[in-house]
Amino acid sequence: MENNTYIVKSLFLAHSIRFLTKEKYETYDDYVDKGRCIYVFKRTKKFERAMTLINAALKEIREMYKLMFAEYPDIVTVKDLQAMLGISRHAAYDLLGEGEISCIRLGNAYKIPKINVIDYVLKRPCGQTRVSA
């Protein structure tokens, strides 16, 4: 590959760059990680601006992670989730069962990465309330 190209391994990042730059990318098979692809962009001024924006957003997310729910461990329980969101036990299990907050189930216990709770909170539009049937 030439020096004026940039390789991306994440489809999400590739789509983000494409959305910001309106420029196409080339796709190749990743021979190191079988079954995956790499996405190659030309380094342009639009590309550099897009990467600056993306890096700023990632830095902001990292800072937010340090501030939000700082008193909780990186992996939380359903009881922690209830306290973090101020919801009932039933509502907490609904969020996990419906996949609105990703978690790992070990036997009868749910282990919830704190980042998934933060992601859930940040993605909800302000003032949106959850409606249960």
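Visitor: Which residue in β6 is the bridge partner of isoleucine 75?
Guide: Isoleucine 75 has proline 113 as its bridge partner in β6. Keep in mind that this is a predicted model: local features need pLDDT of at least 70, side-chain atom pairs count only at pLDDT 80 or more, and totals for chains, interfaces and linings use all residues. Residues are numbered from 1 along each chain as its sequence is written, and side-chain values use heavy atoms, with hydrogens and water left out.

Visitor: How many bridges do β4 and β6 pair over?
Guide: Two, and the pairing of β4 with strand β6 (residues 109-113) is antiparallel. Two strands pair if DSSP finds at least two bridges between them. Strands (E, at least two residues) and helices (H or I, at least four) are DSSP runs, numbered from the N terminus.

Visitor: What's the strand order in that open sheet?
Guide: The order is β4-β6-β5, three strands with antiparallel pairing. β4 (75-76) and β5 (104-106) are at the edges with a single partner strand each, so one side of each has no neighbour in the sheet.

Visitor: Which helix packs on the sheet?
Guide: Helix α5 (residues 114-123) does, touching β4 and β6, and its direction makes about 65° with that of β6. Contact means heavy atoms within 4.5 Å. Axes are lines fitted to C-alpha atoms, for helices over the stretch in contact, and angles run from 0 to 180 degrees between N-to-C directions.

Visitor: New topic: at what angle do α3 and α4 pack?
Guide: Helix α3 (residues 78-85) and helix α4 (residues 89-97) pack at about 105°, with axes 9 Å apart. That makes α3 roughly perpendicular to α4 (angles under 35 degrees count as roughly parallel, over 145 as roughly antiparallel, 65 to 115 as roughly perpendicular and the rest as oblique).

Visitor: And which residues of α3 make the contact?
Guide: Val78, Leu81, Gln82 and Leu85 of α3, and they meet Arg89, Ala92, Tyr93, Leu95 and Leu96 of α4.

Visitor: Where is threonine 5, and what does it touch?
Guide: Threonine 5 is in strand β1 (residues 5-8). Not counting residues up to four places away in sequence, threonine 5 touches Val40, Phe41, Lys42 and Arg43.
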